[in-house]
Amino acid sequence: MPAHGHRPGTTPGPYFPKRLSALGILLAAFSLLLTLPAPAADFPARGSARLGMGVVAHDGQGGTPATGDATQTEGVDVSSHQGNVDWATLWGSGVKWAYAKATEGTYYTNPYFAQQYNGSYDVGMIRGAYHFATPDTTTGAVQANYLVDHGGGWSRDGRTLPGVLDIEWNPYGASCYGKTQSAMISWISSFLSQYKARTGRDAVIYTATSWWTECTGNYAGFASASPLWVARYATAVGTLPAGWGFYTMWQYTSSGPTVGDHDKYNGALDRVVALANG
């Protein structure tokens with residue numbers, strides 16, 4: 001027999017035992033799993049947030065309010081999700097005011113903002129701009145400046161509403177953006193103060209009562225100056241955040257006609273004009 005126990009002209013291959021224990025196989029598989037990276041969280045792309053995108057998931061939905069109330073004025077809110085909006089159809093259906101998303105954080109501007117902001121104005125609507133807040137990225141004052149610098153300013157023309165701070169569930173991570181309730185209050189205060197310093201107007205606060213309670217401790221200190229735009233997809237607006245005895249605007253559905261997000265202004269058209277004029 002040749003030396004080394006193999007045929008001439010061959011080289012010995014690696015040695016494998018004929019049998020591996022079941023425990024050994026399980027241990028090897030477990031070790032491999034530990035070295036694999038964790039799956040990425042299922043978050044949307046930065047910039048894609050919009051008014052009320054977390055409402056259904058957190059608060060549910062349960063019908064819509066009765067139509068035809070002469071003491072309320074129909075409105076809509078839009079973002080890049082709607083693209084170019086058919087403003088003439090909305091105007092013909094009775095929509096008299098609109099808000100368009102202008103900015104998010106300090107890293108995003110709505111590519112459809114001009115068509116939405118100017119298009120609503122051109123058909124006769126009273127219009128305004130909103131900012132989706134990301135308190136985990138930059139300060140409130142910096143984000144207020146970003147809104148004003150990218151279409152969210154104000155002029156006393158009777159057709160321009162004050163800017164909106166959209167402060168709600170974080171679609172990109174922890175609901176309260178990793179902030180304590182006191183830190184969140186400070187962040188909001190910073191935004192509101194800077195917006196007023198830049199425009200002379202108090203920004204509208206858009207939020208949901210459940211988020212406001214969780215993330216600010218149901219803080220009542222902004223109600224004396226900032227109008228409330230509340231999110232609640234139901235037949236009635238429900239409990240409001242602390243301090244506000246009434247809402248100015250109510251986002252009541254994300255599945256309305258022409259564009260999904262429809263709103264009620266808590267007053268006739270002359271009250272919408274009054275808010276525009278300051």
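This tour goes from the whole chain to one helix pair and then to a disulfide.

**Whole chain.** Start with everything displayed; the model is predicted. The protein has 8 helices and 9 strands. Of its 278 residues, 45% count as buried. For contacts between residues at least 6 apart in sequence, 69% join residues at least 24 apart.

**Helices α6 and α7.** Select residues 181–199 for α6 and 209–216 for α7. Their axes come within 7 Å and cross at roughly 115°. Angles of 65 to 115 degrees count as roughly perpendicular, and α6 and α7 are therefore roughly perpendicular to each other.

Next, show side chains where the two helices meet. On α6, pick Gln 181, Met 184, Ile 185 and Ile 188. Their counterparts on α7 are Trp 211, Trp 212, Thr 213, Glu 214, Cys 215 and Thr 216. By class, this contact of α6 with α7 has 6 nonpolar, 3 polar and 1 charged residues.

**The disulfide.** A search of the whole structure finds 1 disulfide. Cys 176 lies in the loop between β5 (164–166) and α6, while Cys 215 is in helix α7. The pair links distant parts of the chain, 39 residues apart.

Which hand does the disulfide of Cys 176 and Cys 215 have? The torsion about its S-S bond is about -75°, so the disulfide is left-handed. Finally, colour by accessibility: both Cys 176 and Cys 215 are buried.

Terms used: Residues are numbered from 1 along each chain as its sequence is written. This is a predicted model: local features need pLDDT of at least 70, side-chain atom pairs count only at pLDDT 80 or more; totals for chains, interfaces and linings use all residues. Side-chain values use heavy atoms; hydrogens and water are left out. Axes are lines fitted to C-alpha atoms, for helices over the stretch in contact, and angles run from 0 to 180 degrees between N-to-C directions. Helices (H or I, at least four residues) and strands (E, at least two) are DSSP runs, numbered from the N terminus. Angles under 35 degrees count as roughly parallel, over 145 as roughly antiparallel, 65 to 115 as roughly perpendicular and the rest as oblique. Contact means heavy atoms within 4.5 Å. Ala, Val, Leu, Ile, Met, Phe, Trp, Tyr, Cys and Pro count as nonpolar, Asp, Glu, Lys and Arg as charged, and the others, Gly among them, as polar. A disulfide is a pair of cysteine sulfur atoms within 2.5 Å. Buried means under 20% relative accessible area, exposed over 50%, partly exposed in between (1.4 Å probe, protein chains only).
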